[in-house]
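User: Could you take a close look at one part of this model for me? I would like to hear about the packing between helices and the aromatic rings around it.

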Amino acid sequence: MALKKSAKLPQAAILKHILKRCSSLGKRQGMAGAAAGEEEGLPVDVPKGHFAVYVGENRSRFIVPISLLARPEFQSLLQAAEEEFGFHHDMGLTIPCEEVVFRSLTASMLC
């Protein structure tokens with residue numbers, strides 16, 4: 001699968017925007033949960049150097065390392081997410097991909 005360049009923003013700017021959006025989403029959601037064990041407004045189940053994505057029809061939540069952002073295969077998924085959902089939607093970073101395909105792809109990228 002070939003990567004096509006986004007006419008809207010350079011790839012580095014897209015990745016930076018996605019990371020900023022993920023961080024601000026966690027802080028916004030965590031404000032109310034800070035008393036429930038969350039530090040600095042970030043969910044406690046997302047370790048440093050990782051971020052959450054939602055995948056598949058049921059929007060299953062996966063925690064993935066930030067290092068995947070540099071992989072062309074993952075960048076392709078991000079471009080698909082941008083095309084389908086844009087950057088402004090209510091539910092975190094959502095990847096339009098079947099769960100089984102996402103698991104297989106990320107497993108091969110982490111090896």
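Here is the part I would like you to walk through. Which residues of α2 meet which residues of α3?

Analyst: Happy to, starting with the ground rules. This is a predicted model, in which local features need pLDDT of at least 70 and side-chain atom pairs count only at pLDDT 80 or more, while totals for chains, interfaces and linings use all residues. Residues are numbered from 1 along each chain as its sequence is written, and side-chain values use heavy atoms, with hydrogens and water left out.

For orientation, the protein chain has three helices and three strands, in the order α-β-β-α-β-α from the N terminus. Helices (H or I, at least four residues) and strands (E, at least two) are DSSP runs, numbered from the N terminus.

Now to your question. Glu73, Phe74 and Leu77 of α2 meet Phe102, Leu105 and Met109 of α3, where contact means heavy atoms within 4.5 Å. By residue type, this contact comprises five nonpolar, no polar and one charged; Ala, Val, Leu, Ile, Met, Phe, Trp, Tyr, Cys and Pro count as nonpolar, Asp, Glu, Lys and Arg as charged, and the others, Gly among them, as polar. The two helices, α2 and α3 (residues 99–110), pack at an angle of about 145 degrees with their axes 10 Å apart. The axes are lines fitted to C-alpha atoms, for helices over the stretch in contact, and angles run from 0 to 180 degrees between N-to-C directions.

Let us take α3 by itself. Its twelve residues reach 16 Å from the first C-alpha to the last, close to the 16 Å expected at 1.5 Å a residue; the expected span is 1.5 Å times one less than the number of residues. Phe102, Thr106 and Met109 are buried in α3, buried being under 20% relative accessible area, exposed over 50% and partly exposed in between (1.4 Å probe, protein chains only). Viewed down the axis of α3, the buried residues fall within an arc of 60 degrees, so they line one face of the helix. That arc is taken from the directions from the helix axis to the C-beta atoms. The cover over the buried residues of α3 includes β1, β2 (60–65), α2 and β3 (94–95).

The buried residues of α2 include Phe74, Leu77 and Leu78, along with Gln75 and Glu82. Just after α2, Gly86 has a positive phi of about 70 degrees.

Finally, the rings. The structure holds three aromatic pairs. In one of them, the ring centres of Phe51 and Phe74 are 6.1 Å apart and the planes stand at 80 degrees, so the pair is edge-to-face. This pair links distant parts of the chain, with Phe51 in strand β1 (residues 50–55) and Phe74 in helix α2 (residues 72–85), 23 residues apart. Rings of Phe, Tyr and Trp (its six-membered ring) pair if their centres lie within 6.5 Å; planes under 30 degrees apart count as stacked, over 60 as edge-to-face and the rest as tilted. Phe51 is buried at 5% relative accessibility, and Phe74 is buried at 0%. Ring pairs join Phe51, Phe62, Phe74 and Phe102 into a cluster, and Phe74 and Phe102 also take part in the contact of α2 with α3.
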